[in-house]
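Welcome! Here is a short briefing to read with the sequence and the 3D view open side by side. Take your time and find each residue as you go.

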Amino acid sequence: MTPLSNFPTLQDAAIIQGMLEANGIPSVLSDQNNLYVPVFGGVTILVREQDLDKAIELLRDHNDAQPQ
């Protein structure tokens, strides 16, 4: 898995994760069990390497995040 983008809260990341999965891109949220996510840098969405370009395109098309 490779990092796609970082979000300040679990809720923000979960919304994007839902969009990715609705478009056939499996993903994993890192740091999702950390209660202090904003303090420690937020939640990162990870996708498979072969899905990275498609996931970046989806984020850009929807203006939901700037991929890192």
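Asp51 and Arg48 are joined by a salt bridge, with their closest N and O atoms 2.8 Å apart; the term means a side-chain nitrogen of Lys or Arg within 4 Å of a carboxyl oxygen of Asp or Glu. The structure holds one such bridge. The model is predicted, so local features need pLDDT of at least 70 and side-chain atom pairs count only at pLDDT 80 or more, while totals for chains, interfaces and linings use all residues. Residues are numbered from 1 along each chain as its sequence is written, and side-chain values use heavy atoms, leaving out hydrogens and water.

**The two bridge partners**

- Asp51 counts as buried because its relative accessibility is 10%, where buried means under 20% relative accessible area, exposed over 50% and partly exposed in between (1.4 Å probe, protein chains only).
- Arg48, at 33% relative accessibility, counts as partly exposed.

**The overall layout**

- The protein chain has two helices and three strands, which are DSSP runs numbered from the N terminus (helices: H or I, at least four residues; strands: E, at least two).
- Along the sequence, the pattern reads β-α-β-β-α.
- Of the chain's 68 residues, 40% count as buried.

**The nonpolar core**

- A nonpolar core is a set of buried Ala, Val, Leu, Ile, Met, Phe, Trp, Tyr and Cys residues joined through side-chain atoms within 4.5 Å.
- The largest one has 16 residues, of which Leu4, Ile16, Leu20, Ile45 and Val47 touch the most other members.
- At least two residues of this core come from each of strand S1 (2-7), helix H1 (10-22), strand S3 (43-47) and helix H2 (52-62).
- H2 gives the most to this core, with five residues.
- Beyond its neighbours within four places in sequence, Val47 is in contact (heavy atoms within 4.5 Å) with residues including Met1, Leu4, Leu20, Ile25, Leu52 and Ala55.
- In soluble globular proteins, nonpolar side chains tend to be buried together.

- Which residues of H2 are buried? They are Leu52, Ala55, Ile56, Leu58 and Leu59.
- Seen down the axis of H2, the buried residues fall within an arc of 160°, so they line one face of the helix; the arc is that of the directions from the helix axis to the C-beta atoms.
- These buried residues of H2 pack against S1, H1 and S3.
- Asp53, Arg60 and Asp61 are exposed, on the face of H2 turned away from its buried side.
- After H2 comes Asn63, which has a positive phi, near 50°.
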